[in-house]
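Here are my notes for anyone opening this one for the first time. Keep the sequence and the 3D view side by side while you read.

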Amino acid sequence: MLAAYPSLASRPQERYEVLDRWGISSAILSPLPATVDFLTTVFGEIADALGDVPYFHIGGDECVLDDWAASAEISAYQASLGLESTGDLHAWFLRRLADALAERGSRTVVWDEAFVSGRLRPDTIVMPWRGEHVARRAAAAGHDVVATPVFPMYFDYAEAASPEEPAGLGDAITVADVAAFAPAPSEWPEEERARVIGVQFQLWSERIPDGRTLDYRAWPRGCAAAEVAWTGGRPGLRTSSAASIPIWSGWTRSAWSTARCPARGPGSGAAPDGVATARAPSPCTT
């Protein structure tokens, strides 16, 4: 956005290029009224194009606020609002956008950094990726929660601790790890458990070179995630192979691949050779 509209940046005199790498960028939109007006217009156009939009995700995560603090104009604006810190200004900015979405009938969804910043609308939905402790804090504060913790819901992490795995991040997250996940832990009070309204797995694509690797990363862990979402992660379904709903953690990758795509045959679900030897997308899709 800043490459196209540099006037909306915290440093509008800079020239911005579209990033050709992944990671966190220090370039950030300004929180000034012109930016709020621009984003409100864009949000409205998106909603008009899609029709009924009950939920609208505005992010709010991994924002580097150094440029806000270094800007005399933004600092003066922050002071005019009676806000003490750039963190407070960030929270105010997200709240303004959420209020605009609410006027159109949409509930705002944010990552957990936005919740930690405070000032959220009560109807804002929080996606806590940094763990159960943040999810519980959000639920206790009265926010609905979609459970998205790094462990075990980040599928860009390796599926097994094996040198044959495609390049991934961090420690292995296995199918069994996903199947054992309890999005609303039984030790939480019932009113907090009721705030957990969904589950989402993340499959960030920085290390996904082709369709076959994408397929491998997503399944069958995605089926285990769906089972957890449908059942609420009931312990009996996570441990009993006799349960009526398939227990994906008990399936081998070969058995899963054969059941999903018989044309491949046993063993066709083996991991790709790695990022360096990218293969064509699978002929059998989900």
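1. Overall picture. Bear in mind that this is a predicted model. The chain has 286 residues, and 44% of them are buried. Its secondary structure comes to 13 helices and five strands. If you take the contacts between residues at least 6 apart in sequence, 59% join residues at least 24 apart.

2. In soluble globular proteins, nonpolar side chains tend to be buried together. In this chain, the largest nonpolar core has 38 residues, and Phe 43, Ile 58, Trp 68, Phe 93 and Leu 97 are those with the most contacts inside it. Two or more residues each come from helices H1 (33-50), H3 (72-80), H4 (86-103), H5 (112-117) and H6 (132-140), and from strand E1 (55-59). H4 gives the largest share, six residues.

3. After that, look for the second, separate core, which has 20 residues, including Trp 111, Ala 147, Ile 173 and Val 228.

4. Salt bridges, starting with Arg 11. The count comes to twelve salt bridges. One of them pairs Arg 11 with Asp 67, with the closest N and O atoms 3.2 Å apart. Arg 11 sits in the segment before H1 and Asp 67 in helix H2 (residues 66-70), so this pair ties together parts that are 56 residues apart in sequence. Are the two partners buried or exposed? Arg 11 has 29% relative accessibility and so counts as partly exposed, while Asp 67, at 13%, counts as buried.

5. Another pair to check. Arg 136 forms a salt bridge with Glu 192, and their closest N and O atoms are 2.8 Å apart. Arg 136 belongs to helix H6 and Glu 192 to helix H9 (residues 190-193), so parts that are 56 residues apart in sequence are tied together here. Arg 136 is partly exposed at 32% relative accessibility, whereas Glu 192 is buried, with a relative accessible area of 10%.

6. A salt-bridge network. Arg 95, Asp 99, Arg 121 and Asp 123 are linked through salt bridges. Within this group, Arg 121 pairs with Asp 123, the closest N and O atoms being 3.0 Å apart. Asp 123 has a relative accessible area of 24%, so Asp 123 counts as partly exposed.

7. The largest pocket. Its volume is about 1400 Å³. The lining has 39 residues, and Gly 23, Ser 25, Ala 27, Asp 61 and Glu 62 lie nearest the centre. By class, the lining has 28 nonpolar, five polar and six charged residues. Which helices each supply at least two lining residues? H1 and H4 do, and the largest share, four residues, comes from H4. Recall that H4 also gives the largest share of the main core.

8. Glu 62 again. This pocket-lining residue is found in the loop between E1 and H2. Its phi is near 50 degrees, a positive value in a residue other than glycine. At 42% relative accessibility, Glu 62 counts as partly exposed. For background, most residues other than glycine have a negative phi, and most peptide bonds are trans.

9. Two cis peptide bonds. Another joins Trp 219 and Pro 220, with omega about 5 degrees. Pro 220 is in the loop between helix H10 (211-218) and helix H11 (221-231).

Methods
Residues numbered from 1 in each chain as written. Predicted model: local features only at pLDDT ≥ 70, side-chain atom pairs only at ≥ 80, totals over all residues. Heavy atoms only, no water. Core = buried A, V, L, I, M, F, W, Y, C linked by side-chain atoms within 4.5 Å. Buried < 20%, exposed > 50% of the residue type's maximum accessible area, 1.4 Å probe, protein only. Salt bridge = Lys/Arg side-chain N within 4 Å of Asp/Glu carboxyl O. 1 Å grid on protein atoms, 1.4 Å probe; cavity = no way out; pocket = protein on both sides within 12 Å on 5 of 7 lines; lining within 4 Å. Points joined across faces, edges and corners; volume = space filled by probe spheres on them. Nonpolar A, V, L, I, M, F, W, Y, C, P; charged D, E, K, R; others polar. Contact = heavy atoms within 4.5 Å.
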